[in-house]
Amino acid sequence: MYPDRSNRRREVVDVQLHAAQILIVGDKPKQNAALARLLLGKSFSNIEVATTQEALELAFLYKPDLILLDVLSTGAAGQAFCLRLREYSAFADIPVIAKIEGEAAAVQAQAFKAGFNDVIAISASPAELETRLLLHLERLSMVRELREYRERLGKELQEATAMHASLLPGEETIAALREQHGMRIYSHYQSFSELGGDFWMTSGLSETELSMFMSDFSGHGIPAALNTFRLHTLLGELKDYQSDPARYLEMLNTRLSGLLTPGYFTTVFYGVADVKTDRFRYACAATPAPLFYDAGQGTFRVIDPSGLPLGIGHARYTNEELTFRPGDFLVLYSDALLES
């Protein structure tokens, strides 16, 4: 026989819920004491009592997980306390349960309007009271777990976003390349979400050559960003092929095809500018069509982006060439621009 782990976990959770801190609020001490004894008899172990005058101060001091308020003894003061309590973010999720006389719809509606989470009749049995308290405490536990998870995930996404941004060329790098090669380079990066698969880089290959690389992985979010990190690592390992765009893409495709899981691929544009001859050699792998501005004609020309995406299998790529004259420029972009 194997132990029933679900039952054991339920028992552990049940013990934790019964250890929750409960604040009883009422203006009749004897009733407060009787209610505290009832809860202690149901295995709740952390009980505090307060009148409406001292309840708010004690709530900040005691930091209860649940508040049980006797509406019959507190009247309007109890409802005012609940409304005041909800003004503080620290108590936004804390369940406040009103013990009311009878179950009239008007009384219940007034209690909910005042900010109570639930109402329970004074005549309710101890078993019903225990069950209702446990339900609200369990909900509070799940809300807290979810908030902690979201905060942790948000922090991790911020760190990952900063790491992803560090892969992109900074202003100092771009300024140095501008000065060294006499080229004007401008960029704008904005991700679809916290993380994405868009990536670009530029680097000097020699005193006269400058490379320009742009890619966009399929998908969004964490998987696309992880593939971008993989790609960045590979780029550093294939420096021997950087002067030949077509060969560079072929080698990169071979390496990526062995790393990426099925369904993932990346589009790529890679080119090398020779500032001595004003020529630009490039190869494409299914990127959105780059735009070349011919200053002499005053018109844009669409560059053919034909070529298989990288990472889906064997492919061959072809070098093409552009000649730049004064005033000409090239626009590269990912499909994020089209989608926006």
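## Loops with positive phi

Helices (H or I, at least four residues) and strands (E, at least two) are taken here as DSSP runs, numbered from the N terminus. In this predicted model, Ala-286 is found in the loop between strand S9 and strand S10, the latter covering residues 291-294. Although Ala-286 is not a glycine, its phi is positive, at about 65°, and the residue counts as partly exposed because its relative accessible area is 29%, which falls between the limits of 20% for buried and 50% for exposed.

Ser-43 is another residue other than glycine with a positive phi, in this case near 75°. The loop that holds Ser-43 runs between helix H2 (29-41) and strand S2 (46-50).

## The packing of helices H3 and H5

Two packed helices are described by the angle between their axes and the distance between the axes. For helix H3 (residues 52-62) and helix H5 (residues 76-85), the axes come within 9 Å and cross at roughly 20°. Because angles under 35 degrees count as roughly parallel, H3 and H5 are described as roughly parallel to each other, and the crossing in which H3 passes H5 is right-handed.

On the H3 side, the residues that make the contact are Thr-52, Ala-55, Leu-56 and Ala-59, and on the H5 side they meet Ala-77, Gly-78, Phe-81, Arg-84 and Leu-85. Sorted by class, the contact of H3 with H5 has 6 nonpolar, 2 polar and 1 charged residues.

## Two further loop residues

Gln-242 lies in the loop that links helix H9 (221-237) with helix H10 (245-257). With a relative accessible area of 14%, Gln-242 is buried, since that value is under 20%. When residues up to four places away in sequence are not counted, Gln-242 touches Ser-203, Leu-205, Tyr-248, Tyr-270 and Val-272.

Thr-277 has its place in the loop between strand S8 (266-274) and strand S9 (279-285), and here the relative accessible area of 41% makes the residue partly exposed. Thr-277 and Glu-209 are 68 residues apart in sequence, while in space the distance between them, C-alpha to C-alpha, is 9.9 Å.

## Cysteines

How many disulfides does a search of the whole structure find? The search finds 0 disulfides. As for individual cysteines, Cys-82 has 0% relative accessibility and therefore counts as buried, and Cys-284, at 5% relative accessibility, counts as buried too.

Conventions
Residues are numbered from 1 along each chain as its sequence is written. This is a predicted model: local features need pLDDT of at least 70, side-chain atom pairs count only at pLDDT 80 or more; totals for chains, interfaces and linings use all residues. Side-chain values use heavy atoms; hydrogens and water are left out. A disulfide is a pair of cysteine sulfur atoms within 2.5 Å. Buried means under 20% relative accessible area, exposed over 50%, partly exposed in between (1.4 Å probe, protein chains only). Contact means heavy atoms within 4.5 Å. Axes are lines fitted to C-alpha atoms, for helices over the stretch in contact, and angles run from 0 to 180 degrees between N-to-C directions. Angles under 35 degrees count as roughly parallel, over 145 as roughly antiparallel, 65 to 115 as roughly perpendicular and the rest as oblique. A crossing is left-handed if the near helix is turned anticlockwise from the far one by less than a right angle, and right-handed if clockwise. Ala, Val, Leu, Ile, Met, Phe, Trp, Tyr, Cys and Pro count as nonpolar, Asp, Glu, Lys and Arg as charged, and the others, Gly among them, as polar.
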